[in-house]
Amino acid sequence: MFFDNQSGLSVGNIERSLTSAIAKGFLRNEDTAAIFYDLTFLQSRIGRLVSCFPSTTLHALAIKANPLIRIMNFIKTIHSGIGVEAASMGEVNLALKTGYSPDRIVYDSPVKTRAELESALKTGVHINVDNLSELERIKKLLEEMGYGDKLSSLNSDSPQTYDKKNTIGIRINPQIGLGTIVESSVAGEYSKFGVPIRDQRPSLEKVFLNYSWLTGVHLHVGSQGCAMQMLIDGIGILYDFMLEMNEKRLKKGFPPISNFDIGGGLPVSYRRDEKPPSMEDYVAAIRMRAPGLFETQSSNLKYQNHNSKLKTNKHSNFQIFKSSNFQITDTHTIITEFGRWTYTNAGWTVSRVEYVKHDPAINTAMLHVGADLFVRECLNPRDWHHEYSVFDSQGSLKTGVDDHPYNLAGPLCFAGDIIAKGVQLPRMEEDDYVVIHDSGSYTFSMWSRYNSRQTPRILGYFNEGEKFEVLKERESLDDICSYWK
Ligand SMILES: Cc1ncc(COP(=O)(O)O)c(C=O)c1O
């Protein structure tokens with residue numbers, strides 16, 4: 001296996017970009033903290049992702065990792081095939097408002113109401129059902145909407161706007177165990193997500209053999225802390241299940257399960273000495289374990305209805321339906337949902353050092369971001385680590401190590417508001433800057449309103465600070481009043 005040598009931004013890149021932002025006035029005096037995104041790096045990440053998978057893959061980037069509208073818009077301009085994964089109706093709406101077409105939106109919430117399901121069906125987004133009760137709600141809604149459980153009837157000239165291209169899948173827990181971070185591992189023996197494959201296999205088989213319109217499987221093993229092999233094992237279990245179900249569905253004249261959603265979860269590096277697996281390696285391993293997924297994609301299949309004559313594609317593990325009656329073309333066999341891999345290493349956060357306190361054996365740098373932006377880091381520092389660098393007020397890197405280590409403390413009113421404890425760093429003084437590396441995902445999207453602090457300015461840049469864009473303006477004090485109204 002080779003490791004990802006493009007896993008993050010260099011300190012040199014950050015120094016040049018920070019110096020440039022200060023010199024060009026993008027980091028103003030009122031910007032006590034700011035979040036930066038290297039859009040050149042992000043562009044190359046997307047390019048790599050797209051080039052690793054077959055061209056018909058739907059890359060539904062997890063909105064929860066980074067819901068900034070300007071970034072969601074930017075991603076669309078990089079590759080027209082990019083979609084988004086939405087964990088709530090709020091995120092579905094965000095995606096629609098940002099101009100993502102419904103067939104590029106994957107709706108994954110674990111707790112969907114009847115009204116939300118109906119709206120999702122009418123809008124035409126892909127739906128990943130979380131559990132068997134939810135599946136029954138879908139069945140009922142399809143019947144109420146006049147579709148019944150016959151796939152062919154989805155092709156009727158009904159005035160309803162159900163888009164025949166989008167699909168309904170079900171989230172399956174492959175039960176392969178927990179990763180190193182329990183709170184972000186979701187494929188253990190027990191999980192609040194999905195239908196456990198070992199415990200509920202007969203029920204799963206039953207729904208796949210009763211509902212012709214259930215044409216997708218979905219898994220997500222965890223987010224960070226799950227080794228690549230765990231992800232592959234999960235995919236393997238679902239792949240074998242899918243092949244078995246497809247053989248049985250074929251005999252019943254059902255279309256095959258044709259959407260295979262692998263979720264996200266490829267771990268990234270938060271430490272300079274840690275080399276995560278590359279996306280290229282991950283895809284090679286998926287291809288080894290589940291070759292049919294790749295063959296189907298490249299053979300440009302057309303799935304057709306249950307009255308059709310069946311024909312087997314010799315290059316594929318799937319069966320093809322042949323008829324002039326009903327077609328679902330342009331089906332995305334693989335769906336991905338990468339959030340952390342896409343955004344983490346593209347983003348960094350900077351805070352001005354407002355004060356430095358010197359206690360007998362420890363220094364404390366008082367910063368302008370803490371548990372409001374770094375919720376997980378403050379509450380569970382053992383599992384959530386970052387690297388830090390110190391720059392002077394002009395943005396030049398400081399080197400060396402102070403006599404005593406530093407606590408990096410946030411501005412909130414509770415003792416746990418400390419991002420990192422006992423870090424060896426260069427000597428700091430007021431008006432220096434501390435950079436928190438690799439903070440482009442699951443940070444601003446988890447912002448806490450506690451203490452009513454203003455959200456920081458968010459900047460995007462190209463070519464190490466040659467060009468900047470304001471992605472989101474710093475909140476005003478009035479914005480905070482509006483929030484609490
Ligand atoms: C269903 C689902 N898909 C995708 C993701 C994104 O995972 P990651 O950001 O690790 O790629 C998550 C994260 O929790 C998730 O719950």
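The paragraphs below go through the predicted model from the whole chain down to single residues.

Residue numbers start at 1 along each chain as its sequence is written. Because the model is predicted, local features need pLDDT of at least 70 and side-chain atom pairs count only at pLDDT 80 or more, while totals for chains, interfaces and linings use all residues.

The chain has 485 residues, of which 47% count as buried. A residue is buried if 20 or more other C-beta atoms lie within 10 Å of its own, exposed if 12 or fewer, and partly exposed in between, with C-beta atoms placed from the backbone. The secondary structure comprises 13 helices and 23 strands; helices (H or I, at least four residues) and strands (E, at least two) are DSSP runs, numbered from the N terminus. Two residues are in contact if their C-beta atoms, placed from the backbone, lie within 7 Å. Among contacts in the chain with a separation of 6 or more, 71% join residues 24 or more positions apart.

Confidence comes next. The pLDDT is the predictor's confidence in each residue, from 0 to 100. Its mean over the chain is 89, and 87% of the residues reach 70 or more. Residues 151–164 stay under 50, and the model has 32 contacts for them beyond four places in sequence. The pLDDT is also below 50 over residues 297–332, a stretch with 82 contacts beyond near neighbours in sequence. Where pLDDT is low, the predicted coordinates should not be read in detail.

In soluble globular proteins, nonpolar side chains tend to be buried together. A nonpolar core is a set of buried Ala, Val, Leu, Ile, Met, Phe, Trp, Tyr and Cys residues joined through C-beta atoms within 7 Å. The largest one here has 121 residues, and those with the most contacts inside it are Val84, Ala86, Ile105, Ile235, Leu408 and Val434. Helix H8 (residues 228–252) gives the most to this core, nine residues. At least three residues come from each of domain 1 (109–336) and domain 2 (343–484), with bounds from an automatic or database domain assignment. Leaving out residues up to four places away in sequence, Leu408 touches Ala365, Leu367, Tyr388, Ile418, Ile419, Ala420, Val423 and Val434.

Phe241 is also found in helix H8. This residue is partly exposed, because 19 other C-beta atoms lie within 10 Å. Its C-alpha atom is 9.5 Å from that of Val217, 24 residues apart along the chain.

Around the ligand there are 15 residues, the closest being Ser223, Gly264, Glu337, Gly339 and Arg340; a residue is near if its C-beta atom, placed from the backbone, lies within 6 Å. This shell divides into four nonpolar, seven polar and four charged residues. Here Ala, Val, Leu, Ile, Met, Phe, Trp, Tyr, Cys and Pro count as nonpolar, Asp, Glu, Lys and Arg as charged, and the others, Gly among them, as polar.

Glu430 counts as exposed because it has 12 C-beta neighbours inside 10 Å. Beyond residues up to four places away in sequence, Glu430 touches Val353, Glu354, Tyr355 and Val356. Asp431 is exposed, with 11 other C-beta atoms within 10 Å.

Most residues other than glycine have a negative phi. Asp431 has a positive phi near 75 degrees. Ser452, in the loop between E21 and strand E22 (457–462), has a positive phi of about 55 degrees.
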